[in-house]
Amino acid sequence: MTEQSPSLLPAPRIAPAIASTTDPHLEIIDVTKNFGAQAVLKGVNLSVAKGGTTAIVGPSGSGKTTLLRLIAGFEYPDTGSISLNGRQVAGNGAWQPAHKRHVGYVAQDGALFPHLTVGQNIAFGLDHSALDGGRRAVRDRVAELLDMVSLDPAMAKRRPHQLSGGQQQRIALARALARKPELMLLDEPFSALDAGLRVATRRAVANVLNEAGVTTILVTHDQAEALSFADQVAIMRGGTLAQIGNPFVVYTRPADRATAEFLGDAVILDAWMEGSLATCSLGGIPVRRPPAQGAVQLMLRPEQIRIAPDGPIRGVVVDTDYFGPETTVRIRLAPKPGAGSDHRFPGGGEVITIRHWNASITKPGTELCLRVVGEGVAFPVEN
Amino acid sequence: MSTVPSASVSQGSTTTAGKGKRPRPPFGVPALSVIAVLIALFSLLPLGYVAYMTAATGWDTAAGLIFRPRVGELLGNTILLILITVPLSLVLGVGGAWLVERTALRGHRVWAVALAAPLAIPAFVNSYAWVSAVPSLEGIWSGVLIATLSYFPLVYIPAAAMLGRLDPAIEQSAASLGLGPWAVFFRVVLPQLRIAMTGGALLVALHLLAEYGAFAMIRFDTFTTAIMTQFQSTFNGTAGNMLASVLVLFCLGLLVVEVRSRGTARYARIGSGAQAKPTRLRLGVFQLPSQLALLALTVLAFGLPCWLVLRWVLLGGSAIWDAAEFIPALLQTLAYGLTGALVTTVVAFPLAYLAVRNPGWFSKALELSNYVTSSLPGIVVGLAFVTISIRLLPGVYQTSGLLIAAYVLLFLPRSLVNLRSGLAQAPKELDEAARSLGKSPWLAFLKVTLRLSAPAAAGGAALVFLGIVNELTATLLLSPNGTSTLATEFWSKSSEIDYSGAAPYALLMILLSAPMTYLLFQQSKKVAGQ
């Protein structure tokens, strides 16, 4: 978090996902699914481009795993349709069962077959007759796949329970890749791993899938994972997709407050919107495409609020949480005497939470000068 | 596209099952449910028979047959037997389990197996051994002696399994709250054993109600021996039927008592997760008395009967090994045991599959019906099958098929419990993984679910086999003419006081049972808490 980069221009790594929706690999239209009386999916629309990476992120119970299982063919949608490569595989009377969809699937715990060796697990889906050269060809292919997921080919003789969690996940990926699927579904594959391993495994998996050019859908409840993994993020809440967009857009311009708070820490302040300028306790903040005029709620990301000696806003440190590389600082903004009478100019006094790298200047009671960089996002006032 | 129908069927399945997120089995749940319902209805036949007979007899006749001194005497005998034997078995079983699992008992690994060993000796063989040594044994106290020695392992095995996996952190917390070792045992350990104790006590009580041979041998009358006597004299008399209905009421009452006394213990069970190994209490000066007590118990329950059987075998010499007699008996026992085990496993599979993959009130009800049937004594099942087959299907009376069907009903839960835990180790995710790897639902089921549950199925089958080898009562009632099993052959010989002649059969039964008993002991460690 450098203090000199207020640029909020879109990063270059994104965008193919949305651009090529004309030829989607996967198309989900108005899919609903009920379990008994409980509506789990209430009309989901999603389009995934060929070769793209999509993350479906949402709190547990939002229906994201159900959606993935519908795509895999383990469940049948109540209404709506699912198409792969323009061919309908579910809905409107069409049905293609899981084993005919050529869709790879990696479950949360890897779901390795405990009664088979690693090699046998990887070879499980291989069509032995289709491989020329019989056993030898199978062995070579297994070695090749193990190499692809950066594991030692000697591991083929081991049993799943002899492997670490990260290794099991990579074996599960190799097993799913063996059939060269065009679409790979990952159901929270990293959540069972500890923090360090999670990042390393995620990166390794992303690289493998990227090199293989496989369209990938990742389901996760971890927003950081979703934002770092995918080039299209779909936020699921209460059985619908609340927002779909590239990671940068959904993080910096969330569609609603719940999405904003789900994707990361947010500073929410009452504000008064006039034109494209929102006035709040942090001063006037520009807002792109304001949804309303007058009273709104303004959302800023904590990292947009910087401690700067020449900053125009004053605040006193209430307390701090020290995390090592950075410190979470709660700051009470200075009240603005007299402004409170006019509802257009908020009176200050709110407590906001920001992050700072230097703990020594954020002792409780210290008065700080603050500056806001970039744009804010305005939401209509919730009643 | 053979799988298309299964997909459309599955939609119905979620509604029939009435319960959410369940995977679609390779074969439709409805089809499976129909099979399971048929099995459950079939298993309710004996109960239905007793109810029908009681109703058909009419109240006056029934009352006249039930409220008479003879029934009062049987009732007194049975109640007294249960009231004395069950607490004794609890003390021996829980005490033994505690010594073996939680104290620094020397050689506790050996003792752990030794205390389960008496289960390899059928109660009627035990009774035979004692009577052959002490011919004057008779009446309630002899019954209590033999029953306790035969059945205390039924409490010991679940109690030991439970004790072995109790979270020691709870006991340590109790100690840190100021409780001494004795207080910890009575206030913390014992309450956690509640499920094991009530379950074990129920098993002991049901065995007491069902046992025929052991009590007939020492001329101690219970309902079961009285029904058998009635059956032998009047074949299918109303009096016998009325005794059976009282016996069934007794069994159902015990089930209710067990469910009640189990209470909320089920919900208080500790969760899974890594836990420390329990610490063992030092015995100090109690080491020697404990060793002696366990030695005495093992000698009485296992050593003595084995030695007596061996002694009769040796005394009999080569004369008692009449190949023309015991080889057919052995072969027929093996044939019945293997066939019965196989059929029972096949029948149990749909029920277990539904229970694991599609839990809900429906599969619970199915399980309950089997549970109730399995609590019925062999004599009632036998009687029901005799009557029903004679009246409705004379063709099947005294066929081996009918006997196998009775075995299936009697021993279904043994297979069910094992299959359930086996299927639980083959979660639907693995099945789905196989399907996402291009295997058709049937192939995925075959290569993953069936393959993974096979060891558990084999374990359950082994226990059914053990049950059939040692089954006497229903076999006596239902076996085809000319059939002899080890148990029936042993019974006819020992009834004629031919102790030497009976000995080879007793020995063979013990030898066949021993490995299965060891298996049961091993399994109890794995499925503790079930």
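**Close-up views of a predicted model**

Residues are numbered from 1 along each chain as its sequence is written, and chains are lettered from A and ligands numbered from 1 in the order in which they are written.

**View 1. A:Arg301 sits in the loop between strands E15 (294-300) and E16 of chain A.** Helices (H or I, at least four residues) and strands (E, at least two) are DSSP runs, numbered from the N terminus. Setting aside residues up to four places away in sequence, A:Arg301 touches A:Gly264 and A:Ala266; a contact here puts the two C-beta atoms, placed from the backbone, within 7 Å. Now look for A:Arg203: 98 residues separate it from A:Arg301 in sequence, and the C-alpha atoms are 26 Å apart in space.

**View 2. Strand E8 (residues 183-187) of chain A has five of its five residues buried, so it is largely enclosed by the rest of the structure.** In a regular strand the side chains alternate between the two faces of the sheet. Here A:Leu183, A:Leu185 and A:Asp187 lie on one side and A:Met184 and A:Leu186 on the other, and all are buried. E8(A) pairs in the parallel sense with strand E7 (residues 103-106) of chain A over four bridges (pairing takes at least two bridges found by DSSP). It also runs parallel to strand E9 (residues 215-220) of chain A, joined by five bridges.

**View 3. Five strands of chain A form an open sheet in the order E16-E20-E17-E18-E19, with antiparallel pairing.** Strands E16 (305-307) and E19 (351-356) stand at the edges with a single partner strand each, so one side of each is left without a neighbour in the sheet. From one strand to the next, the twist averages 45°; axes are lines fitted to C-alpha atoms, for helices over the stretch in contact, and angles run from 0 to 180 degrees between N-to-C directions. Strand E18 (residues 327-333) and E19(A) run antiparallel and share six bridges, and A:Val329 has A:Ile354 of E19(A) as its bridge partner.

**View 4. A:Gly348 lies in the loop between E18 and E19 of chain A.** With 20 C-beta neighbours inside 10 Å, A:Gly348 counts as buried. Its C-alpha atom is 4.7 Å from that of A:Ser281, which is 67 residues away along the chain. Leaving out neighbours within four places in sequence, the contacts of A:Gly348 include A:Ser281, A:Leu333 and A:Lys336.

**View 5. Over in chain B, helix H7 (residues 123-133) packs on helix H15 (residues 287-316) at an angle of about 70°, with their axes 9 Å apart.** That makes H7(B) roughly perpendicular to H15(B) (65 to 115 degrees; under 35 is roughly parallel, over 145 roughly antiparallel and the rest oblique). Residues making the contact include B:Val125 and B:Ala129 of H7(B) and B:Leu308 and B:Trp312 of H15(B).

Notes
Predicted model: local features only at pLDDT ≥ 70, side-chain atom pairs only at ≥ 80, totals over all residues. Buried ≥ 20, exposed ≤ 12 C-beta atoms within 10 Å, placed from the backbone.
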